[in-house]
Amino acid sequence: MTCLPKNPSGKKLGLVIDLDICVGCHACAVSCKEWNASGQMAPLTDLQPYGAKPDGVWFNRIHTFEVVEPQTGASRTVHFPKSCLHCDDAPCVTVCPTGASYKREEDGIVLVNTDICIGCKLCSWACPYGAREYDEDEGVMKKCTMCVDKIYNENLPEESRVPACVSTCPTGARSFGDLGDPNSEVSKLVAARNGYGLMPEQGTKPVNRYLPPRPKKLGNELAPRLLEHVDDSANGAGVLARWVDKILSA
Amino acid sequence: MHPAKSVIFFTTTTGAGYGLLFWLAVLAHRGLVGPDFGFGLLAFGIAFTLVVGGLLSSTLHLGRPERAWRALSQWRSSWLSREGIAALLTFIPTVLFACFWLFWHNNSGYVAWLGLFGGVMSLLTVYTTSMIYASLKAIPAWSVGWTVPGFLVLSLMSGAVLASALAAVGGYGAAALWLVLPTLFFLAFGLVVKLSYWSKIDRSVSSSAETATGLGEFGKVRLIESPHDQPNYLIKEMGFVIARKHRTKLRRMVVIFAFGLPFLGISIGWFAPDIVVFLTLAALGFCAVGVAMERWLFFAEAKHVVTLYYDT
C-alpha cells in the first residue's frame with residue numbers, strides 16, 4: 001500500500017552527516033555499492049563498467065561544493081554525500097501506482113518491492129533529492145535500504161549492525177540512529193550542532209540530518225611557529241664544511 | 001525533464017481522442033449529426049484509435065510493461081493509478097454510446113445523455129492525467145495552477161478542431177458551422193492558458209543550490225566536483241537542457257502552429273464553404289504539430305530540483 005503509515009511507531013532510523021568532517025573520499029559510496037550489490041536490492045547493475053561511458057546504479061553520491069561568502073570572498077570547500085533521506089512525508093511513496101514503494105511502519109525506512117515495480121519512474125520524478133535509481137537492466141526502480149539487511153542481522157557483531165556507509169567512513173562523518181527519539185545519541189548530536197534537513201520548502205520532512213561546517217576562523221593571526229629557525233650561516237657547520245665554504249667564497 | 005516520446009504521444013493523442021468523444025456527444029445531443037453509420041464509424045474509429053493507441057503507448061516507457069495491470073491498485077494515493085481506473089471506466093459509457101449510434105442507429109434522447117456522460121468522464125480522465133504532473137512539487141514548472149487547465153483546454157481544443165474537420169469531411173455543413181464558434185473559443189482560450197502558464201513558470205522562484213544543500217548561510221554555492229565523470233540516471237532523466245536553451249523560439253512556434261494557424265484556417269472556412277474541407281484539414285494538421293510541440297516543450301523545459309545538486 002503506497003499510503004504513508006497511518007500509525008507510525010515513532011521510530012525514525014536515519015543518518016546524520018557531518019559536513020565539517022567529511023573529506024570527500026567516496027568510501028561510503030563504494031562500500032554502499034559493495035554491500036548492496038549482494039543485498040536486498042541486488043544486483044546494482046553496471047552498464048559498460050569498463051567501457052567508454054560507464055553507467056550504473058548507485059545509492060550514495062558525493063558532490064563537492066564551493067561556498068563563497070559574498071562580502072569577504074572567502075571560500076570553503078564542502079564535501080556533500082547524498083543518499084535517500086527516508087522522508088516522513090515521502091512523495092516517492094504516495095505517487096507509486098502499484099504499491100511497490102512503501103514506508104515501513106516500524107522504523108520509517110522507505111523501500112521498493114522490486115517484484116511488483118513496473119518501472120514507470122514516477123517515484124524518481126517525485127523525489128526532490130535524486131534518491132531513486134532506475135535499473136535499466138531489470139526495468140525496476142531501486143534505492144537506499146538503510147542497509148535493512150545489515151542493521152537487523154543478528155549474525156553480525158553488534159558494532160557492525162549499522163549501514164555500510166557508516167561503518168566504513170574513515171573520518172567518522174556519518175552517524176546512524178533513531179532520529180525519532182529525542183534522547184538518542186544522533187538526536188543529541190543534531191541538537192548540539194544545529195543539524196538541518198534538505199530543501200524544507202519541498203514539504204517532504206526528511207529524516208536524515210546534515211551538520212553544517214563549523215565557523216571558519218577568519219583574521220590575520222598566523223599559526224604559531226613551532227620549528228626552530230634554521231641557521232643558514234656557515235658558523236654552526238663542521239670544520240670541513242667551513243673550510244670548503246671559505247675556499248669557494250673567495 | 002527528458003521528453004519521452006511515448007509519454008508525449010500518450011498525452012496528446014488521448015487528449016484529442018477524449019476531446020473528440022466529448023464533441024461527438026454534444027453534436028448528437030443538439031441533433032446536428034444523425035446516427036449515420038459511415039460517419040459514426042469514421043469518428044469513433046479515430047477517437048478510439050487515438051485513446052487506445054495513446055494508452056498503449058504509455059505502457060511502452062515502463063520498465064516492466066507486463067506488470068502494467070498492477071498500476072490500478074493504489075488509487076487512494078496515486079494520480080497515475082486514478083488515471084488508469086478513470087481511463088478504463090470511461091470506456092463503459094463511451095463504448096455503449098458508440099454501439100447505440102452504430103448498431104441501433106440511435107444517438108438522441110437518453111443515448112445522447114449517455115454520450116454526454118461519457119464526454120464528462122473523458123474530461124475527468126484528462127484531469128487525472130494532468131494531476132499526475134501537477135502534483136509533483138519537485139518539478140516547479142508543473143506544480144503550478146495552470147497545468148491542469150492547460151491539459152483540459154488543449155484536449156477540448158484539439159478535439160474541437162478534429163470534430164470540425166470530420167464534420168466538414170462528412171458533409172455535415174450545419175454541424176461544421178455550429179462548431180466554428182466553440183472551436184475558435186477554445187483555440188483562443190488555449191492560447192491564453194498557455195501564455196499565462198509560461199509567464200507563471202518564468203516568474204516563479206523555487207529552491208536554489210543554497211536551499212538544496214542548506215549551505216546558503218555560508219554564501220553562494222557552486223558545484224566544483226560532480227559525483228561521477230559520466231552522466232548518471234538522474235542527469236539523463238531530469239537534466240534536459242536543449243529546450244531551456246531555445247525556449248523563446250519554441251514557444252513562438254507553438255503559438256503559431258497550435259493556436260494561430262488553426263484559428264486562421266477555421267475562421268476563413270466560416271466564410272468560404274467551398275474550401276472548408278481543405279481549410280479544416282489544414283487547421284487539423286497544424287494543430288496536431290503545434291500541440292505535439294507544446295507537449296514536448298512542457299516536458300523538456302521543466303527543470304527538476306535535483307538538477308540543483310548538479311549545476312545543470
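Is A:C96 buried or exposed? I began my notebook with this residue, and A:C96 counts as buried because its relative accessibility is 8%. For the record, buried means under 20% relative accessible area, exposed over 50% and partly exposed in between, with a 1.4 Å probe and protein chains only.

**Ground rules.** I am reading a predicted model, where local features need pLDDT of at least 70 and side-chain atom pairs count only at pLDDT 80 or more, while totals for chains, interfaces and linings use all residues. Residues are numbered from 1 along each chain as its sequence is written, chains are lettered from A and ligands numbered from 1 in the order in which they are written, and side-chain values use heavy atoms, with hydrogens and water left out.

**Entry on cysteines.** I looked for disulfides, meaning pairs of cysteine sulfur atoms within 2.5 Å. A:C3 is in no disulfide, and its nearest cysteine sulfur, that of A:C96, sits 11 Å away. A:C96 is in no disulfide either, and there the nearest cysteine sulfur belongs to A:C120, at 6.5 Å.

**Entry on the two chains.** How many residues of chain A are in contact with chain B? I found 62 residues of chain A in contact with 55 residues of chain B, where contact means heavy atoms within 4.5 Å. About 4900 Å² is buried between the two chains, and carbon and sulfur atoms give 58% of that. Buried area here is the accessible area, with a 1.4 Å probe, that two parts lose on being put together, summed over both. I noted three names: A:F65, A:I118 and A:W125 supply 16% of the area that chain A buries against chain B, more than any other three residues.

**Entry on pockets.** First, the terms. On a 1 Å grid over the protein atoms alone, a pocket is an open set of points with protein on both sides within 12 Å along at least five of seven lines, whereas a cavity is a set where a 1.4 Å probe fits but cannot get out; lining residues have an atom within 4 Å of a point. Points are joined across faces, edges and corners, and a volume is the space filled by probe spheres set on them.

The largest pocket holds about 590 Å³ of space. Its lining has 27 residues, and B:L55, B:S58, B:T59, B:L80 and B:E83 lie nearest the centre. Two or more lining residues come from each of α3 (122-126) of chain A and α1 (5-29), α2 (37-58), α3 (79-103) and α4 (110-134) of chain B. Helices (H or I, at least four residues) and strands (E, at least two) are DSSP runs, numbered from the N terminus. Which helix gives the most to this lining? The answer is α3(B), with seven residues.

I sorted the lining by class too: 20 nonpolar, five polar and two charged. Ala, Val, Leu, Ile, Met, Phe, Trp, Tyr, Cys and Pro count as nonpolar, Asp, Glu, Lys and Arg as charged, and the others, Gly among them, as polar.

The second largest pocket has about 330 Å³ of space. Among its 16 lining residues, B:P140, B:I201, B:S204, B:S206 and B:K303 lie nearest the centre. Its classes are six nonpolar, six polar and four charged.

B:S57 lies in helix α2 and counts as buried, at 8% relative accessibility. Beyond four places in sequence, B:S57 touches B:S6, B:F9 and B:F10. B:T129, in helix α4, is buried as well, at 5%. Leaving aside neighbours within four places, its contacts are B:F10, B:T11, B:E83 and B:F151.

Most residues other than glycine have a negative phi, and most peptide bonds are trans. So I went looking for exceptions. The bond from A:A42 to A:P43 is cis, with omega near -10°, and A:P43 is in the loop between α1 and β2 of chain A. A:M146 has a positive phi of about 55°; this residue is in the loop between β9 (140-142) and α4 (148-151) and is buried, at 2% relative accessibility. A:N194 also has a positive phi, near 55°, in the loop between α6 (185-193) and β11 (209-211). Is A:N194 buried or exposed? A:N194 is exposed, because its relative accessible area is 58%.
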